[in-house]
Amino acid sequence: MSNQEELGKVERFFESILFGHRKLVIAVFAVLSVFFAYHAVQLKPDASFQKMVPVTHPFIANYLNYENELRPLGNVLRIAVHNKNGTIYEAEFLEKLRLITDEVFYIPGVDRGNLSSIWTPNVMWRQVTEEGLRMGPVIGQGFSGSPEQIEAVKANVERSGRIGSLVSNDQRSAIILAPLLEVDPDTGEKLSYGKLSAQIEEVVRDKYQSDDISIHITGFAKVVGDLIDGSKDIAGFFAITFVLTVILLLWYSRCWKSTAATIFCCSLAVIWHLGSVSLLGFGLDPYSILVPFLTFAIGVSHAIQNVRTMAAERFQGANKIDAAKATFHLLFVPGSVALLADAVGFSTLLVIEIGVIRELAISASIGVAVIIFTKMFLLPVLMSYTDVTERGLKQVAKQEASKHTVSHLLSRLTEKKVAYGVSAAAALILVAGLFASADIKIGDLDPGAPELRPDSRYNQDVKFLVENYSTSSDVFVVMVETPAGECGAYPVASVVDRFQWEMENLEGVEGTVSLFTVMKNIIAGFNGGNPKWLAISRDRFISNGAHKNIPTTLYNSECSMTPVILFLSDHKAETLERVVAKVEAFAAENDSADAKFILAAGNSGIEAATNIVVEQAQKTMLLLVYGIVGALVWWEFKSFRVMLAIMIPLFITEVLCKVIMVQLNLGIKVATLPVIALGVGIGVDYGIYIYNRLESFLAKGLNFKDAYFETLRSTGVAVALTAVTLALGVFTWAFSAIKFQADMGLLLAFMFLWNMVGAVVLIPALVRLFAFGAVKKRFGPSVEAPGR
């Protein structure tokens, strides 16, 4: 049995159900809609540290293996309290710093045992005296703020070596370091970044910031919190998109009934989508919160074909039920294949082993699945009741009476000479695009948090810390594994010392700290502060004596791992690549039974792993999306050359999208990689609809040029409107406070519009050049226009 016969059976089967039991179909959809709506309202914001990182990558696996020991170096909030009118050595300021430290201590999710500020007892000072090494907390018990005590605090801060890290270089601000727990040990619940960020703002910034005091907060949790907060504007953007889409549909169809039925079904798709996501146990994170936009936009863009076809059938004299049936027949196959291609484009994102992207892929695939039900099945049934208004029929008559100047002009693309010219121009654009996109980078290319606007409060806080502290917030941690109890032994010290020296001489590394950095200072302190003793010692008794006075954050409880902390100038992709390459080269040459260097922890180490995963996944993802979408197109049209004619415009658009990314200084990363898969998956819809209609006219005996003219006349405007609707649905993101959402909106809008241009202009030209023989073989010599 042929492919078309099989599809015909499927069409007849669904038609008998849909139109033979219309009231039952509507009742079933109504019950399901109530069910999904109930679950949709239970959706909550959901973001976690582990969802944002590639947990299966070796770097992250190594970090998670030592997560408890490395927590102070991983997911940490940095809260800088700045005295605008003086230094930190004022009684009133120090009291406020104490109050803020206490406030942060009691915030759920904070790792209280590792909380650090000059008020916490784990921040110590050390001093070499005639009596030996003295030490104590920077601010001791019984501090009352007297001038003598404040002078003592000032001396203790200087002796602690924390200027540039916990205290600013100008000593006008001090930092509270708050490591976070992913799971609350009291309740067992996951850390809510949205609640944490809101609470930090409420009990710290709003409560203590004034004309005299400014608060600056950075860290992964604050970035996610700001993203969640910025995502609240999405509801407003959705409302704008909704209104503009209604206006666009009314302008196109002049039929309020068709518009109402279309908008109703597409809104229903969003409700089904959100309810399904909730049933799967997912929440809405800053990435997946955009998917309902796509669900609505894709639904409307496909439904435009229903509106146009239904109106045309009614204009030709069919009654409303027969017109609805004809619409179902004409659009079921191309619509289903196009939606399946959309789902394939989304599902290829599953190869990216990052939780938020995988959830986005699943969520988007669900969105496409519900569109198949609401648009393909429910909409034709509803339109069999709503019909087309008189004004809508008059609009069809007006369109039919039009001269179709643009369609006549574009139909010349089927002529051989014109096709050669257009194809040559496309080849030049492709070559230029490949050359211009060669400079595209992997990862972040901007300082601070590129997900947020450069002028956002978070990025201004990052700027404050960079300008006032020597210790960078871009921390890359290398773990050195040793035999148990040997982390402070000389063989380890020797190789780690050489490693630190080599890394400190690497571009992008501002400084390093390890157990042995502190050990050298303590050994020198034991020997009267003589700089000659500022070195590691072969004597085990000396090193053991020094080891007792070193903070436990610099080694684990079994003394089988010690971290080496690298402070980087930034977290740009090239900096991380350089650091990773250097560490791996050093490890390859120096790993031994005594010490093994493994990567990586710290915010920059985790970002380096993410960049590696994205770089590897993009190639696999592109091969899959083009391979599977191409296979679907081939299955539908049974011609490899026709498949190429439909797929080549998609590839050109992808290349041009990368050119725009280079111009906008955007790298390929978690936020931008999905754009390519979405653009290809959704962009192929235009080609499928156009070529399907083209074949239907060729089957009626029209020559190629006339068939393409009829395709444009009947479907061309709908295809163009589809592109505009899709672009409109995502372009509103450009006004988001969240930069990565704005970037995604601009890139997707470009891809949707340019894919439409490529489909309308390039497909007929490419088919004419290298697929015309296959078309003639299938439809006969009549496809050749006289004299061509």
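## Overall make-up

The protein chain of this predicted model contains 26 helices and nine strands. Its C-alpha trace spans about 105 × 50 × 45 Å along the principal axes.

Of the 788 residues in the protein chain, 57% are buried. When contacts between residues at least 6 apart in sequence are considered, 80% of them join residues at least 24 apart.

## Helix 2 and helix 13

Two packed helices are described by the angle between their axes and the distance between the axes. For helix 2 (residues 22–40) and helix 13 (residues 355–386), the axes come within 10 Å and cross at roughly 130 degrees. Angles of 65 to 115 degrees count as roughly perpendicular and those over 145 as roughly antiparallel; helix 2 and helix 13 are therefore oblique to each other. The crossing of helix 2 past helix 13 is left-handed.

On the helix 2 side, the contact is made by Arg 22, Lys 23, Val 25, Ile 26 and Phe 29. Helix 13 meets them with Phe 373, Thr 374, Phe 377, Leu 378, Val 381, Leu 382, Ser 384 and Tyr 385. Sorted by class, the residues of this contact between helix 2 and helix 13 are nine nonpolar, two polar and two charged.

## Glu 359 in helix 13

Helix 13 also holds Glu 359. Is Glu 359 buried or exposed? Its relative accessibility is 13%, and the cut-off for buried is under 20%, so Glu 359 counts as buried.

Apart from neighbours within four places in sequence, Glu 359 is in contact with Lys 51, Phe 282, Gly 283 and Asp 285.

## Helix 9 and helix 11

Helix 9 (residues 234–253) and helix 11 (residues 291–315) pack with their axes 11 Å apart, at an angle of about 5 degrees. Because of that angle, helix 9 is roughly parallel to helix 11.

From helix 9, the contact takes in Ile 234, Phe 237, Phe 238, Thr 241, Phe 242, Thr 245, Leu 249, Tyr 252 and Ser 253. Helix 11 contributes Pro 292, Phe 293, Phe 296, Val 300, Ile 304, Val 307 and Arg 308. The contact of helix 9 with helix 11 has 12 nonpolar, three polar and one charged residues.

## The two faces of helix 3

Which residues of helix 3 (residues 58–65) are buried? They are Phe 59, Ile 60 and Tyr 63. These residues lie on the same side of helix 3, because they cover an arc of only 90 degrees around the axis. The face turned away from this buried side carries Pro 58 and Asn 65, which are exposed.

The buried residues of helix 3 pack against several elements: helix 4 (67–70), strand 6 (475–481), helix 21 (573–590), strand 9 (596–601) and helix 22.

## Strand 9 and helix 22

Strand 9, one of the elements packed against the buried residues of helix 3, includes Ala 600. The peptide bond from Leu 599 to Ala 600 is cis, and its omega is near -10 degrees.

Helix 22 (residues 602–637) includes Gly 630. With a relative accessible area of 4%, Gly 630 is buried. Its contacts, leaving aside neighbours within four places in sequence, are with Val 625, Met 643 and Met 647. Gly 630 and Ala 593 are 37 residues apart in sequence, and their C-alpha atoms are 52 Å apart in space.

## Positive phi in two loops

Lys 638 lies in the loop between helix 22 and helix 23 (640–663). Although Lys 638 is not a glycine, its phi is positive, at about 55 degrees. Lys 638 has a relative accessible area of 43% and is partly exposed.

Cys 559 also has a positive phi without being a glycine, here of about 50 degrees. The loop that holds Cys 559 runs between helix 20 (540–547) and strand 8 (561–568). Whereas Lys 638 is partly exposed, Cys 559 counts as buried at 10% relative accessibility.

Note on methods. Residues are numbered from 1 along each chain as its sequence is written. This is a predicted model: local features need pLDDT of at least 70, side-chain atom pairs count only at pLDDT 80 or more; totals for chains, interfaces and linings use all residues. Side-chain values use heavy atoms; hydrogens and water are left out. Helices (H or I, at least four residues) and strands (E, at least two) are DSSP runs, numbered from the N terminus. Buried means under 20% relative accessible area, exposed over 50%, partly exposed in between (1.4 Å probe, protein chains only). Contact means heavy atoms within 4.5 Å. Axes are lines fitted to C-alpha atoms, for helices over the stretch in contact, and angles run from 0 to 180 degrees between N-to-C directions. Angles under 35 degrees count as roughly parallel, over 145 as roughly antiparallel, 65 to 115 as roughly perpendicular and the rest as oblique. A crossing is left-handed if the near helix is turned anticlockwise from the far one by less than a right angle, and right-handed if clockwise. Ala, Val, Leu, Ile, Met, Phe, Trp, Tyr, Cys and Pro count as nonpolar, Asp, Glu, Lys and Arg as charged, and the others, Gly among them, as polar. The arc is that of the directions from the helix axis to the C-beta atoms.
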